Amino acid sequence: MVTDPIADFLTRIRNAQMARHRIVEIPASNVKKRITEILYEKGYILKYKFEDDNKQGIIKIALKYDANTKEPAIRSLERISRPGLRQYAKPSEIQRVMNGLGIAIVSTSKGVMTDKEARTQNVGGEVMCNIY
């Protein structure tokens, strides 16, 4: 049993990129599905597919690399709020990642969204991770 599924999600992506894998499979949950959708919308991954295996399901993510340098599109995945120390922020307190070049994923009362969306909707919440 995994005590921190979001950290496991980020670690699987990080490890797959370090090993230069094209596809990574991750056990699914609704929060992980939403994070995957955000990564796709912001251009950090190529494609994704949600598969049902009659249990909890699987998320298949096609990782994105630079065509010339073969460097991964995601430079850094950092877990901010964790089970032992939750990190909450008001809309005005949500910090920009890399001066706006990266994204922070925030779990709010209106769902999981990016830091920019949370600021425009004026909702705060748990800052789950930073990605750039």
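This passage describes the overall fold of a predicted model and then its aromatic pairs.

The chain contains 3 helices and 8 strands. Read from the N terminus, these elements follow the order α-β-α-β-β-β-β-β-β-α-β. The radius of gyration is 15 Å, close to the 14 Å that the globule rule gives for 132 residues, so the chain is as compact as a globular protein of that length. Along the principal axes, the C-alpha atoms occupy a box of roughly 40 × 40 × 25 Å.

Of the 132 residues in the chain, 40% are buried. The accessible surface amounts to about 7900 Å², and carbon and sulfur atoms account for 47% of this surface. When contacts between residues at least 6 apart in sequence are considered, 61% of them link residues at least 24 apart.

A search of the whole structure gave 2 aromatic pairs. In one of them, the ring centres of Tyr40 and Tyr48 are 5.3 Å apart and the ring planes meet at 75 degrees, so this pair is edge-to-face. Tyr48 also pairs with Phe50, with 5.1 Å between the centres and 45 degrees between the planes, and this pair is classed as tilted.

Conventions. Residues numbered from 1 in each chain as written. Predicted model: local features only at pLDDT ≥ 70, side-chain atom pairs only at ≥ 80, totals over all residues. Heavy atoms only, no water. Phe/Tyr/Trp six-rings, centres within 6.5 Å; stacked < 30°, edge-to-face > 60°. Helix = DSSP H or I, 4+ residues; strand = E, 2+ residues; numbered from the N terminus. Rg over C-alpha atoms; globule rule 2.2 N^0.38 Å. Buried < 20%, exposed > 50% of the residue type's maximum accessible area, 1.4 Å probe, protein only. Contact = heavy atoms within 4.5 Å. Areas by Shrake-Rupley, 256 points an atom, 1.4 Å probe, with all protein chains shown as cover.
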